[in-house]
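Q: I'm new to this structure and would like to go through it step by step. Could you take my questions as they come?

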Amino acid sequence: AFSQTNTFPGTGNVGIGTSNPQSKLVVAGTITAQRMKVTITGWPDYVFHESYSLPSLQQLEEYVNRNKHLPGICSAKEIEKDGLDLGEVNKQLLQKIEELTLYIIQQQKEITDLNRRLQKVELQ
């Protein structure tokens, strides 16, 4: 079924299936697309800079235990209340993936060092 589309003079807002669009485009229903492009700045490559302060795993654990969500990521309650900005969330998720990568690299170095030390002990 076709849902009415209206442009509201003075606001430039367009509503599909709604008569009260609160932003430039409001769709009351599902949007289906083959591709969506979100333009955003501030991509988190800064995580790999030497000046980036990666929290310790203990600090991270304490934060998660206290807040029940990752630092820098909205809580479920916030998302339910305010919705989700796809571009911003993708940026935040990439930051967490990059942080996880740094933790894995650190842990691999520790594992390699422990294996070297264990081999020396076993050879004695």
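Q: Is N13 buried or exposed?
A: N13 counts as buried, because its relative accessibility is 9%, and buried means under 20% relative accessible area, exposed over 50% and partly exposed in between, with a 1.4 Å probe and protein chains only. This is a predicted model, in which local features need pLDDT of at least 70 and side-chain atom pairs count only at pLDDT 80 or more, while totals for chains, interfaces and linings use all residues. Residues are numbered from 1 along each chain as its sequence is written, and side-chain values use heavy atoms, with hydrogens and water left out.

Q: Where is N13 found?
A: N13 is found in strand β2, residues 13-16; strands (E, at least two residues) and helices (H or I, at least four) are DSSP runs numbered from the N terminus.

Q: And which residues make up the covered face of β2?
A: The covered face holds N13 and G15, whereas V14 and I16 are on the uncovered one. In a regular strand the side chains alternate between the two faces of the sheet.

Q: Which strand does β2 pair with?
A: β2 pairs with strand β3, residues 25-27, in the parallel sense over three bridges, where pairing requires that DSSP finds at least two bridges between the strands. Within this pairing, V14 stands opposite L25 in β3.

Q: Switching to salt bridges, how many are there?
A: The count comes to four salt bridges, each being a side-chain nitrogen of Lys or Arg within 4 Å of a carboxyl oxygen of Asp or Glu. One of them joins E88 and K91, whose closest N and O atoms are 3.6 Å apart.

Q: How far apart are E88 and K91 in helix α3?
A: They are three residues apart in helix α3 (residues 86-123), so about one helical turn separates E88 and K91. E88 is partly exposed, with a relative accessible area of 29%, while K91 is buried at 15%.

Q: What about K96 and E99, buried or exposed?
A: Both K96 and E99 are buried, and they form a salt bridge in which the closest N and O atoms are 3.1 Å apart. Both lie in helix α3, three residues apart, about one turn of the helix.

Q: And what does D113 form a salt bridge with?
A: D113 forms a salt bridge with R117, the closest N and O atoms being 3.9 Å apart. D113 is partly exposed, with a relative accessible area of 35%, and R117 is exposed, with 52%.
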